[in-house]
Amino acid sequence: MKLDTKALRYLTNDDWRVLTAVETGSRNHEVVPTSLIGSISGSKGGLQRCISTLAKANLIAKVKNAKSNLHRAKKKDDGYRLTYGGLDYLALHAHQKHATVYSVGNQIGVGKESDIFVVADPAGKQLVLKIHRLGRISFRTVKSNRDYLRKRSSGSWMYMSRLAAVKEFTFMKALAGQGLPVPEAVAQNRHTIVMGLVDAFPLRQISEVPDPARLYAELMEMILRLAGLGLIHGDFNEFNILIKEEKEEEREVPAADRTDAEQQQPQQQQQNPPIKLVPILIDFPQMVSIDHPNADFYFDRDVSCIKRFFERRFHFRSDEPGPHFAEAKAQLRGGDVKRLDVEVEASGFSRKMARELEAYMQDVGVDGDHQDVTNEEEEGGGGGGSVGSGPEELEDEDEDEDALDKTHS
Ligand code: ADP
Ligand code: MG
């Protein structure tokens, strides 16, 4: 979904207050009646003008004849709901107020459940804004007839997308704190997170590496390291591993110890320093605890995604079996282990939130990027996760709006 930031500049304080009121009302109301918008926002005059500005910018959408008023529909029972665009604006506005984001640049990724933009902070530093859009995918994939899905209430996608953002942000921070190679977690607001821009391509787009065995070993080590902290990524694959090129650490060799050859070729060495490939892990909404009932399944799937990719792309197959779930879990035996799964529960992403998000993701058929791995012709794409290659079942919001409105007519 596009992020049209034009109107950000001309919205007045009153407009923002009214938009916030629609958001607040949406938490408990499928359709927020105009009178409620008025009372929450405290607007006296000018409410209609604000509403029409917001509706024109597609930040709120009018819903006629709200279901609950079907039999006593009066004109004043019409109401509004917040659109994804409106929620995006509220989040961006908050990031701007906190001076995390100053401007929005190009969209660099569109996934099934997220949009990714390059943004800049007030000092001009480039960052990444990830907007979670759970529930955007086609509801043809819905596997459950739970109430919140049948109604497709805005409360649920807003809340679930926010949960995904909170989860991703909390894990990113916790992992960075343990020195794992992940983007810097900068800020989180509503359904969005702001993180460091990693100047790298996904492994998916890399056709050759100088030393596949080394990279493979590092990735397996990363899976084991996560498990040693009580975690399984759950979507560990070539789409979610960015490969950064770094100069191999320069050796501090005193001049006197250099070989003759080194003495003679200092210039050339500087021009072609050996390059090291550093894998950076991203995309955490599916992370699970190693104590999850299906932990062994997720662990094995993460391992086999990498194995399969290395075989197909680099024709590399490790001599060593595993790593196996049992050995991963064995790391946790004994006393003094750091458990990030436990820590994260205490620091913002509770077990209850985890359960809610997991149930929702299962219900709407969210199952990560590895689906693309199995569904796509190998070697063909190379651009998974980038703009323009989004899966076809994506529906845009207009269609969603029709479907939503239908439930009210
Ligand atoms: P999704 O949940 O939609 O798969 P991801 O977090 O995996 O979202 O991001 C999708 C794509 O956006 C990635 O494959 C990568 O190309 C790009 N991307 C995401 N985060 C960053 C980042 N911090 N730096 C650079 N590129 C990123
Ligand atoms: Mg991804």
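How many nonpolar, polar and charged residues does the shell around ligand 1 have? By class, that shell has 11 nonpolar, four polar and three charged residues. Nonpolar here covers Ala, Val, Leu, Ile, Met, Phe, Trp, Tyr, Cys and Pro; Asp, Glu, Lys and Arg are charged, and the others, Gly among them, are polar.

The model is predicted: local features need pLDDT of at least 70, side-chain atom pairs count only at pLDDT 80 or more, and totals for chains, interfaces and linings use all residues. Residues are numbered from 1 along each chain as its sequence is written, chains are lettered from A and ligands numbered from 1 in the order in which they are written, and side-chain values use heavy atoms, without hydrogens and water.

The chain has 15 helices and 13 strands. These are DSSP runs, numbered from the N terminus (helices H or I, at least four residues; strands E, at least two). Of its 409 residues, 49% count as buried. Buried means under 20% relative accessible area, exposed over 50%, and partly exposed in between (1.4 Å probe, protein chains only).

Ligand 1 is surrounded by 18 residues, each with a heavy atom within 4 Å of it. The closest are Ser-114, Lys-130, Gly-196, Val-198 and Asp-283. Polar contacts are pairs of N or O atoms within 3.5 Å; within protein, one must be able to donate a hydrogen and the other to accept it, and residues adjacent in sequence count only if both atoms are side-chain atoms. The side chain of Lys-130 places an N or O atom 2.7 Å from an oxygen atom of ligand 1. A polar backbone atom of Gly-196 lies 2.9 Å from a nitrogen atom of the ligand. For Phe-239, a backbone N or O atom is 3.2 Å from a ligand oxygen. On its own, ligand 1 has 550 Å² of accessible area, and the protein covers 92% of it. Areas come from the Shrake-Rupley method with a 1.4 Å probe; for residues, only the protein chains shown count as cover.

Ligand 2 is a magnesium ion, coordinated by Asn-240 (OD1), Asp-283 (OD) and Asp-369 (OD) at 1.9 to 2.1 Å. Donors are N, O and S atoms within 2.8 Å of the metal (3.2 Å for Na, K and Ca); water is not among the atoms, so sites may look incomplete. Both Asn-240 and Asp-283 are buried.

Backbone geometry also stands out. A cis peptide bond, with omega about 5 degrees, joins Gly-322 and Pro-323. Pro-323 lies in the loop between α10 (295-314) and α11 (325-330).
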